Structure formats: structure tokens, C-alpha cells
Amino acid sequence: MMQELIYALPLTLIFILSIAVIMVDAFTGKNKTVAYYFSIAGLLGVIIAAIYTMTLPSADLAKMAYEGTISKGMLTYGGYAAFFDILFAVAGILTIVAAKPYLTREYGEYKEFYSLIIFAISGMMTIAHASNMVTIFIGIEIMSITFYVLAGFIRTRITSVEAALKYFLLGSFASGFLLYGMAMVYGATGTLQLQEISAKIATGEIVNIYLQIGLALLIIGLSFKVAAFPFHQWAPDVYTGSPTVVTGFMSTAGKAAALVAFIVIAKSLLPTNFGATLINDKLIVVKEFTENATMIIALISAATMLIGNITAIAQKNVKRMLAYSSVAHAGYLMMGIVANNENGFAGIVFYSTAYMLMQIGAFVVVGVLERDDTKFQQISDYSGLRKSHPYLAAVMALFMFSLAGIPPMAGFPGKYLLFTATIQSGYTWLTIVAVVSSIISMWFYIGLVLNMYFKEKEGDALVADVKSSHFTIAVSVIGVIILGILPSFLIDLAKNFF
Amino acid sequence: MSLSVLLFGILSILAVASALITVISKHPVRSAISLVFHFFMLAGLYLTLNAQFIAAIQVLVYAGAIMVLVIFVIMLLNLENENKLKSKYNILQWSAFLLGLGLVFLLGVTYLSTGTGLQFAPEIAANNSTAQALGKALFEGYIFPIEAIGILLTGAIVGAIVLAKKKLS
Amino acid sequence: MIEEYLPLIIMLVLGFGVAVLFLYLAEWLGARRTTHGKQTTYESGMEPLGTARDRFSIKFYMVAVSFIVFDIEVVFMYPWAVQVGELGLVAFWTMTVFMLILFAGYFYELKKGGFEWD
């Protein structure tokens, strides 16, 4: 029991932090700095705890997680769960630091923002630690409900309120699909425990219509949550309408959390390890089931990246362009699930880390330059940025190169890992589609860079309001460069997780 | 005919009737009130099927809390004239009607093909869907999810304050 | 099984029936002389102003949402309460922590003025 408590430390800490931060908020009255620093300090504590659990021996971790006295097999500890804890907490700190000047300027700094970010992170961490459908669902709900509120955080803006309403209506509909899918899988297998489901499917006895419908509904619900085609239509409007710092947070950490749920569900519902020979008729049924489902996910992934990148070309608004590029990246990340092997999952871990850094960085740069909701967000507003703000132009160019996957930025090894893993699983055509759409994406990423560097600005130069956002931008830049030059340590770490 | 079958018949007729009034009624508040009645009838149906916990929750949450929200929303939006909305959604109404017919057809086919007639209160439900059984299952196996739901509800409170409070301090 | 609920059902039917019966009896037996004063809305003796179906303030929404959140809390208390004798200490502490979390939420709402009518 004590041992389990130590492993569950990051999760326990974030839950306590959620409650503590609203108490701090309630008791500090008009003083805003206490809640701000308290949130950051708490998240740092979570990061330290998560790093500590990663270093613990993982010998009987699986057994303990399964029979644990507190979790009763609802949770998994260490490994990728601890890694994603760190990822979400870092995203939270970067967002909170960048949000302070943004909110003060655009709306007024309200302490509730910090509480909501912490609540969203506790939902994401619940997903990361989940080894049971119930836990996954509750985690997704905690995350989604706080995202609906965060999207509409600036209540006086019609775009923000519209984003919140749209996200809420469609998001709760998708949660319904997810829940129905879980109910179907429960009906087919008689358990919600992912390990047991995996074991039962591998026997080949229960591959029936209920399991297939259940899996289809799960794929629909999860595709919505990661904003994949054809359930991506909410994403551009929501990402454009939400406050820019919130967009940065939910399009990276939120997407990563949904992907973790996708990984654990795909890993247990789509078994790939059949050994050398297929002797059994039933195993052939399972193999067909896995292959069909993987093909559907592969098609969704291919369509997502093509649609996202092609539509992004037509955008005139930088925030909206990044929103569509975020849709395309959901497609790239889903390749790891198509690959369904340790390289693919490691690719997701690496790429969602890299993506988190570059996308939050890019959105923070947009947030620093924009004014009053939609002003100064057009691509044409960015021309001549090299002269007026050489530093911002340089980091924005760096993020764009990284998003396009140009070495030596972090985007390149991430894409490389995902592409090779997909080829390894025999989906060469998907890799070709991914390469083609990456080339398409160069058009608008490089287009923005050319605009910043080689076009002259007519009229007044943009005014940047950076302040503490400097920290977020600096961390993102350093992270993107380090992960780009020395990717191997994270790749090796990630491969050990699965 | 046993008492269960009789009750089931009466309750389901009343449930269908009140559901129809909900849909047909032009006045939103009248719709809402007949929906409350419908929820009560559903709770009775659950009781005849031995699902006493769901029946209690149906009254507690749906007929209580959810209906309060529905009526408040009607009052907040001041939906006096529903006819303005109506003409726009004709195709939707027709497709809903067709889907409903499809469901009736499906249920009919299932009923005819199984041929076992009406079966009430399977023993499994009688043993497993009582509040006692649920309490045992929840508080022995699902301790973490319960605490997580506590966090979820607290998050919802914070969200409600952020969205609806007039003056944030 | 269902027979256990028979008294409940009889009570519900009787209660509902008596209420409806009295309403209609009053309508049927009572004398009906309508005047203008009787037909207008009663507003403490004042002349009625405007329509009764006015838009309500968003403040009501706060009340409704708080009510729902704490109503859901009761949903979890119910299966715990009927079984508390047999469940033992772990379930007790589970419920205590759950209540404490929600109490924090309640306290937050109180401090933030969620229950105030400003």
C-alpha cells in the first residue's frame, strides 16, 4: 500500500493541488500574485514527483497496478504515465506564465484561469494513468468540461463565447459516442479493465458485432477529441475563437491526453502479437478484426493530414492557419496508432512533446502580437516583422520550420520516427501520404516566414507585449532545438515505455 | 395477468402519452411539465423491472435537477413563441419520425423472432441493480473514480462561477 | 418484488386522484361570477405591469447549476448510505474524502459570492 502511494504521488499531488488552488483563490481576495505563484510552484512539485516515480524500479509495477489496494486496477503508474504527467505539467506552467500578460491586457487577470488550468491538467493526468475504461472516461470529462469553460473564458467576446458553445455542444455529443462505445465493449467482453479486455480479445472467442460497433464508436469519440477528419470541423472555429493562450494549451496538451487514451485503447483492443504461426481459426478472426480497424484508423489519419494541410493554405489568419495545422498534426500523430508497435507509440510520445513546445510557442507569439480579439492576426500584418521585432520573427520562423519538419528542429526526428514506424507495420502508402502532405504544409509555413522576412510593412509596425511570455518562448525555443539536435535520449526513454 | 404486467401497461401508456404531449405541445413550459410527468412514469417502469436504484436516480436527478435546469433555461430565454422556430426544422422532424418508426420496426421484429413474449424482471437485475449491490461494487472497486468525480464536480462549480457570475473578484 | 411497492403506488395514485378530484369538484360545484378584478393577475393589490413572461436573470442559472452539482453528490451518497454498515472503513474514508472535495467546492462558491444575489 505504501509503495502504491509513492507511485501514485504525481496524481495525488495534482488532485490536492486542484483543491488547494481554489482555496488559495478563495482566500486571497484581490491579491492575484499568490494564486499565480502557487499554481506554478504546485505544478513544479508535480513535475518533481513524476520524475521521481520514473526513476523508481518498474519490476512489479504492472502487478501492483493491477492488484493495488487503492486503485483496484484502475490506474497504471510510472513509465509513460509519469512522462505524460511531466508533459502536461510543463504545458500548464508555460501556459500560465504566458497567460498572465495576455489576460491582463485583453480581459483582466482573473485567478480562476489558473484554477481551471490545474483542473484540466488533473483530468489529463487521470487519462495518462488510466488502465480502465471508467478512469479514461472520467479523465476525458474533467479535461473537456474545463476546456469548454476555458474556451469561453473571455465572456465579453462574442467569438470566445461562440467557441465555448460550439465546443460544448459537439464535445458532449462526442463524449456520448465514447461512453456508448465503452458500454458496447463492456457488453461484449464483460469487463472494463483494459488488460482483461485485451486478454479476452486475444482468445478470439468474443470478436462479434458488439465489439466491432463498440470499437467503431470509440474511434469516433476519440477522433473527435483529437480533432481528426471527419470530426475536425469544430477545431478551427474553437481554436480561433478561444483566447490564444488557451488555444495553445488545448491544441497541444489536450490533444496529447486524447492520444494517450487512444494509445491505451488501441493497444488493448487491437492485439498484434500472435507469435510466429497462426494455427487457430479464431486467431485469424482476431487478426482480421485488428487489420480492418487499423485500416480505418489509417484512412482517418491520411484524410486528416491532407484536409488539414490543404485547408491551411487558404487561410489568411495566422491563428486559423495554426488551427488547421493542428488538425493536420493530429493526422501525423495518429500514424503512431496505425503502426501499433513500440516505435509508433514512442513516436507519439516524442512528437507530442515536440509539438507541445513548438505549437505553444507559436500561439504565444501570436498572442503577444494580437490586440482586441481579431486585430493583427492576419498573415499580412506579419510582414516586416524582421525589422520591427527581429527576435519574435526569428523564433516564429524557428517554430514554423519545426512544424514543417525541417531539420535540425524537433519536428524532424518526430516525423521521422512516426514515418519509419508506419513503414515497419506495412503501411507504406500512409507514409507516402504523410510525406506528400508535409510537403504541402511547407507552402504555408514557409509562406509565413517569407512574409515576415522579405515583405515590407505598410503602415505602423506591430507592438509586442511580451513581458513574462519571454519565459514561455525561451523554454519552447530551447526545447525545440535540444530535441532537434539530441533526440536520442527521449527516443530511447520512450521506447522503454511500451 | 400479474400485477407487474398490469402496472407495466398502465405506466407505459402514460409514459408514451406524456412524451407525446411534450413533443406536440406548443407551450414550452407545458412541454417541460409533461416531461416531468414522463420521467416519473419512467421511474415507475424501472421499478417494475426491478431497477430500484435507477428509479430513485430518475426521480432525484432527472425529475428534480435536470428539470429545474430545463425550466430555468426556458425562463432565461423567454421562449414564448415556439412556432417561429418550428417551420425551419421540418426535414429534421420527418427524419426523426422515420427513425422512430425504424426503431419500432426493429423492436417488433426482435419481439416476434424471439417469441418468448414479455419477460419481466430478470433475476440478474433483481440481485445486481439494487442500491445495496451498487454500493458494494462502487465502494469496493471504484474508489479512485469516485474521488475523480469529486474533482470533476468541483471543476464544474469553478466553471459555473467563471461563466455565470456577474462580477468576478 | 413489485408487490413490495404496492403501498407506495396506492398512496401515489390516491394522492394524485384526490388532488385532481378536489380541483374538479371545486370547478363543478362552486359558483362562478366573473368580474374584471377577479380575472386580472393578482399583484398584491397593484395594477399589473407588463407581461408575466419576462426574461429571467442569469443569476437563476447559478442556483440551478449549484443545485445539480450537489444533487449528483447525493447520487453517490445514496448507494453508500444504504450499505455503510457492511462496507467498513475504506468506504467511509472514500466518502469522507469525496465530501471534503465537494465541501471545498461549496466553500469556494460561498467565498466567491456564488450564493449572493448581487
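Good morning. Helices and strands are here taken as DSSP runs, at least four residues long for a helix and at least two for a strand. On that basis, chain C has 5 helices and 0 strands, and its elements follow the order α-α-α-α-α from the N terminus. Please bear in mind throughout that this is a predicted model.

Let me stay with chain C. Its C-alpha trace spans about 65 × 50 × 20 Å along the principal axes. The radius of gyration of chain C is 24 Å, whereas a compact globule of 118 residues would have one near 13 Å. Of those 118 residues, 19% count as buried.

How many residues of chain C are in contact with chain B? The number is 42, and they meet 46 residues of chain B. Two elements of chain C, α3 (59-81) and α5 (89-111), each give two or more residues to this side. Helix α3(C) supplies the largest share, 17 residues. By class, the side of chain C that touches chain B divides into 29 nonpolar, 4 polar and 9 charged residues.

The largest nonpolar core has 223 residues, and A:Ala257 and A:Ala261 touch the most other members. Helix α15 of chain A, residues 342-369, contributes the largest share of this core, with 19 residues. Apart from neighbours within four places in sequence, A:Ala261 is in contact with A:Ile127, A:Ile136, A:Ile140 and A:Leu222. There is also a second, separate core of 14 residues, which includes B:Phe39, B:Phe40, B:Leu42 and B:Tyr46.

Why may helix α11 of chain A, residues 234-241, be called largely enclosed by the rest of the structure? Because 6 of its 8 residues are buried. These are A:Ala235, A:Pro236, A:Val238, A:Tyr239, A:Thr240 and A:Gly241. Among the elements of chain A that cover them are α7 (133-151), α8 (158-189), α12 (244-269) and α14 (318-339).

My last topic is a helix pair in chain A. Two packed helices are described by the angle between their axes and the distance between the axes. For α17 (residues 390-404) and α19 (residues 428-454) of chain A, the angle is about 170° and the axes are 9 Å apart. Angles over 145 degrees count as roughly antiparallel, and α17(A) and α19(A) are therefore roughly antiparallel to each other. Residues making the contact include A:Met396 and A:Met400 of α17(A), together with A:Tyr445 and A:Val449 of α19(A). In this contact, 13 residues are nonpolar, 1 is polar and none is charged.

Thank you for your attention.

Notes: Residues are numbered from 1 along each chain as its sequence is written. Chains are lettered from A and ligands numbered from 1 in the order in which they are written. This is a predicted model: local features need pLDDT of at least 70, side-chain atom pairs count only at pLDDT 80 or more; totals for chains, interfaces and linings use all residues. Two residues are in contact if their C-beta atoms, placed from the backbone, lie within 7 Å. Ala, Val, Leu, Ile, Met, Phe, Trp, Tyr, Cys and Pro count as nonpolar, Asp, Glu, Lys and Arg as charged, and the others, Gly among them, as polar. A residue is buried if 20 or more other C-beta atoms lie within 10 Å of its own, exposed if 12 or fewer, and partly exposed in between; C-beta atoms are placed from the backbone. A nonpolar core is a set of buried Ala, Val, Leu, Ile, Met, Phe, Trp, Tyr and Cys residues joined through C-beta atoms within 7 Å. Axes are lines fitted to C-alpha atoms, for helices over the stretch in contact, and angles run from 0 to 180 degrees between N-to-C directions. Angles under 35 degrees count as roughly parallel, over 145 as roughly antiparallel, 65 to 115 as roughly perpendicular and the rest as oblique. The radius of gyration is taken over C-alpha atoms; the globule rule is 2.2 Å times the number of residues to the power 0.38.
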